[in-house]
Every structure is written in structure tokens, then in C-alpha cells.
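Work through these exercises with the model open. Each task is followed by a solution in steps.

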Amino acid sequence: MMVLRESIIMKIHYGTALGALSLTVVHIMMRLTQDFHESLAYENVIANYESVGYALLLELLLILISVHGFNGLRVILLEMNQGPTYEKAVTFGCLAAMAGLIVYGSRTIFTASGWI
Amino acid sequence: MERETGAKEGLKGWLNPGKIGKFGIERLAWLLMRLTGLGLLAYFIGHIWETSHILDGKAVWDKSLEMTQTTEGHIFLALVIGMCVFHTGNGIRLMIAQMGYGIGKAERPDYPYKPQSINMKGKACIYATLGMAALAMWYGMAVMFS
């Protein structure tokens, strides 16, 4: 059933981790290069979303963390129990949750950016 | 050493403090890696939900921010920072170990059968990661409470 080998999935897991780490540093620096509380003001956050580069960074960050997070959850759940039906349910459940979160987060990014 | 009867202890096996005493700091790192991973995923889902309030206007955004602008909220965010730093540091250690660095050379197993891979380098990295997580939490609290 598995389309990807587990070794490839783990490479994706590590790649998304390193990618997410670099982008998270930029994301946090956006809050810390100015006053923390001011940086969270409505007008400031909207201005962040309207910047195309930053919106793209957020979208990429959303995808990387979702892939890494839900694959991590899949690995933990497969460590706890095994079996063909269980493994299929966990894999598809995690994929569905990942896709759902990416769609929900993208809706916020695209709408706040004024792209849709 | 008592014999392990099976690998299906589930959460009970995870959280059994006797296992940490028996297997050392590496076991604690294994447990914290999973707990921080689950905690960060839960926080991430909450963060995506919270930031979606920006679409409902300034009043709703300000109200949703109030959740984390309290003392309890700051402490919660400091915990998230600590989880993030530990998960990152320990993750990098594991990646380096999987590439074969710092785990010693393979050799014939002799008494007292100490695994090459569980050595002082690994232990030092785990302690350093715990220290960095604590420092990051302290810095985060200093910023949030300023």
C-alpha cells in the first residue's frame, strides 16, 4: 500500500524540520525586531500579511510544519500499535488532518493578504 | 536486569518513571521528544485557529490576543518556547547520530555490554539541549513580561 518507502518519508521529515526551523527563526524575528506587543497590533499584522514575501513565507511555513507535525504524529501512533488496518487508518487520518489544516491556514493567509 | 516482556505497554510504558531510572537520560530525551512533539502540534493547530481571527476584524483579533496577554498566557507561551528549543536541539542531535557521527565505531560486544552509541557525547548534548531550552524560556519570559 505504501507509495513512499519509510526511509524516504524520514528524509522528508528531516528536510521539513530544517526548513521549518529556518523559516520559524525569520517568523520570530519579525516579532522581536520591534516591540513585541506592538508587533501583534491588528494593523501591523495585516501589513505583514499584505507583504507578498512574508505571506509566501507563512504559507511555506504552514506546509512544512503541517507535513512534519502530522508525520511525527503518524510515527508516534505507529510505534504504539501495528497492523494493516490500523496503519492504513493512521496514515490516511494524518494525511487528511494535514490537508485540512493546510487548507484552513491557507484560507487565512490568502484572505488576509487580499489575494482572494 | 529484568526481562522486557513486550513492546505493547502504550502510554503506560511511556510515562513509567521507572523506565527513565532504568534507562537513563536517553530515555528521558526519547519521552520528551514525543511529548514536546505532540505539545507543539497541538499548539500549532491552536495558533492556526487563533490567527484566523484576523479575518473577523480588529475587535475579535484583540479579544483573541487577550488569551495570551495574561500571566498564565505568558507562562504557557514560555513553555511552548521551551518545548520548541528542546525538540529542535534533540532533533538535530538525532539527525547527526543517524548520519553516523558521535556514536562510536562498531565493535565486538563484550561484558559489560555497554552500547557504543550511548556515550558521554550524546548525554552531554541532551543536558546542553535541556539547558538551552531553560535559557530560551527565561529570555521569552523577559520579553513577554517587559
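Predicted model: local features only at pLDDT ≥ 70, side-chain atom pairs only at ≥ 80, totals over all residues.

**Exercise 1.** Describe the side of chain A that touches chain B.

Solution. Begin with polar contacts: 5 residue pairs make them across this interface, with both residues at pLDDT 80 or more. Then look at the helices of chain A. α1, α2, α3, α4 and α5 each supply at least two residues of the touching side. The largest share, 10 residues, comes from α4(A). Last, sort the residues by type: 21 are nonpolar, 10 polar and 3 charged.

**Exercise 2.** State how much area is buried between chain A and chain B.

Solution. The area is about 2800 Å². Carbon and sulfur atoms give 74% of it. Now turn to chain A's part. A:Tyr14, A:Tyr42 and A:Met80 supply 22% of the area that chain A buries against chain B, more than any other three residues.

**Exercise 3.** Classify the ring pair B:Trp14 and B:Trp30.

Solution. The ring centres are 5.9 Å apart and the planes stand at 75°. Over 60 degrees counts as edge-to-face, so the pair is edge-to-face. Then compare accessibility. B:Trp14, at 6%, is buried; B:Trp30, at 28%, is partly exposed.

Note on methods
Residues numbered from 1 in each chain as written. Chains lettered and ligands numbered in written order. Heavy atoms only, no water. Buried area = accessible area lost by both parts, 1.4 Å probe. Polar contact = N/O pair within 3.5 Å; in protein donor to acceptor, adjacent residues only side chain to side chain. Helix = DSSP H or I, 4+ residues; strand = E, 2+ residues; numbered from the N terminus. Nonpolar A, V, L, I, M, F, W, Y, C, P; charged D, E, K, R; others polar. Phe/Tyr/Trp six-rings, centres within 6.5 Å; stacked < 30°, edge-to-face > 60°. Buried < 20%, exposed > 50% of the residue type's maximum accessible area, 1.4 Å probe, protein only.
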